[in-house]
Amino acid sequence: LAMYLGVCGGMLLAHQLPLLRRAFDSSFDPIGVIVGGGVIMAVGMLDDRYELDALTKFAGQTLSSGIIVLFGIQWVLVWVPWGGNATGPSGQLISLDQNQGGLLTVVLALVLVNAMNFIDGLDGLAAGVGMIASVATCTYSIHLLAQTGGDAVNYAPALIAITLGGACLGFLPHNFQPARI
């Protein structure tokens, strides 16, 4: 709940700033993350309170993943290390259609949600890994922004990643040994 509220607060602040508002004008990605994150947060809170069975948690996680796909967040380009031409670098980009991209996004979201859930046993580990991953994603998104001359498509991933990184960083002092939250 604390991290979700931190992300929502960061998104609300970004929506009020003229330059960062472009992330909201160019796509529904930030809204999709807030709605999908709200579902996964609610499932987590219900699980903490009522000890939900694995199938119910999986259904909630799948619903959350489906929501982000419905808001347009999809993985449509995948780089594979094989193929390509003999004279250039090895590897190639595979372009997925909307159905394949949506399915891949749901599967990856489910895998990552459960991976984060599994490493949440040690104080500070999940928040630390989340912060490192979000800072890396933000750095890559800013690099794409620079390469594309400020293409608005790359604003939303950078904004989402940095708000998550900020929420994780703000949560870490309360989550180190001995964890108070």
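## Helix H3 and its cover

The buried residues of helix H3 are covered by elements that include H1, H2, helix H4 (54-70) and H7. Contact here means heavy atoms within 4.5 Å. Buried means under 20% relative accessible area, exposed means over 50%, and partly exposed lies in between (1.4 Å probe, protein chains only). Helices (H or I, at least four residues) and strands (E, at least two) are DSSP runs, numbered from the N terminus.

This is a predicted model: local features need pLDDT of at least 70, side-chain atom pairs count only at pLDDT 80 or more, and totals for chains, interfaces and linings use all residues. Residues are numbered from 1 along each chain as its sequence is written, and side-chain values use heavy atoms, with hydrogens and water left out.

H3 spans residues 29-50, which is 22 residues. From first C-alpha to last, H3 reaches 31 Å, close to the 32 Å expected at 1.5 Å a residue. That expected span is 1.5 Å times one less than the number of residues in the helix. The buried residues of H3 are Asp29, Pro30, Gly32, Gly36, Gly37, Gly38, Val39, Met41, Val43 and Asp47.

Ser64 sits in helix H4. Its relative accessibility is 9%, so Ser64 counts as buried. Leaving out residues up to four places away in sequence, Ser64 touches Gly36, Gly37, Val39 and Ile40. Gly36, Gly37 and Val39 are among the buried residues of H3.

The rule asks for a side-chain nitrogen of Lys or Arg within 4 Å of a carboxyl oxygen of Asp or Glu. Side chains of opposite charge can pair when their charged atoms come close. Here the partners are Asp47 and Lys57, at 3.7 Å, N to O. The pair links distant parts of the chain: Asp47 belongs to helix H3 and Lys57 to helix H4, ten residues apart.

Asp47 is buried, with a relative accessible area of 16%. Lys57 is partly exposed, at 22% relative accessibility.

Just after H3 comes Glu51, with a positive phi of about 50°. Most residues other than glycine have a negative phi. Glu51 is not a glycine, yet its phi is positive. Glu51 lies in the loop between H3 and H4. This residue is exposed, with a relative accessible area of 64%.

## The largest nonpolar core

A nonpolar core is a set of buried Ala, Val, Leu, Ile, Met, Phe, Trp, Tyr and Cys residues joined through side-chain atoms within 4.5 Å. The largest one holds twelve residues: Val7, Met11, Ala14, Ala23, Phe24, Leu145, Ala152, Tyr155, Ala156, Leu159, Ile160 and Ala167. Helix H1 (2-16), helix H2 (22-26) and helix H7 (155-175) each give two or more residues to this core. H7 supplies the largest share, with five.

Met11 is one of the core residues. Not counting residues up to four places away in sequence, Met11 touches Phe24, Pro30, Ile34, Leu159, Ile160 and Thr163. Pro30 is also one of the buried residues of H3.

## Cysteines

The whole structure has zero disulfides, a disulfide being a pair of cysteine sulfur atoms within 2.5 Å. For Cys8, the nearest cysteine sulfur is that of Cys168, 13 Å away. For Cys168, the nearest is that of Cys138, also 13 Å away. Cys168 is buried, with a relative accessible area of 2%.

## Annotated segments

An unreviewed UniProt entry places the feature "transmembrane region" at residues 27-46, 58-82, 102-119, 126-146 and 152-172. UniProt positions follow the numbering used here, feature names are shortened, and annotations may be inferred rather than shown by experiment. Over residues 58-82 the chain is 52% helix and 16% strand, with end C-alpha atoms 33 Å apart. Over residues 102-119 the chain is 94% helix and 0% strand, with end C-alpha atoms 26 Å apart.

Val107 is in helix H5 (residues 98-118). With a relative accessible area of 42%, Val107 is partly exposed. Val107 and Val153 are 46 residues apart in sequence and 23 Å apart in space, C-alpha to C-alpha.

Gln177 falls in the segment after H7. At 65% relative accessibility, Gln177 is exposed. Gln177 and Val106 are 71 residues apart in sequence and 33 Å apart in space, C-alpha to C-alpha.
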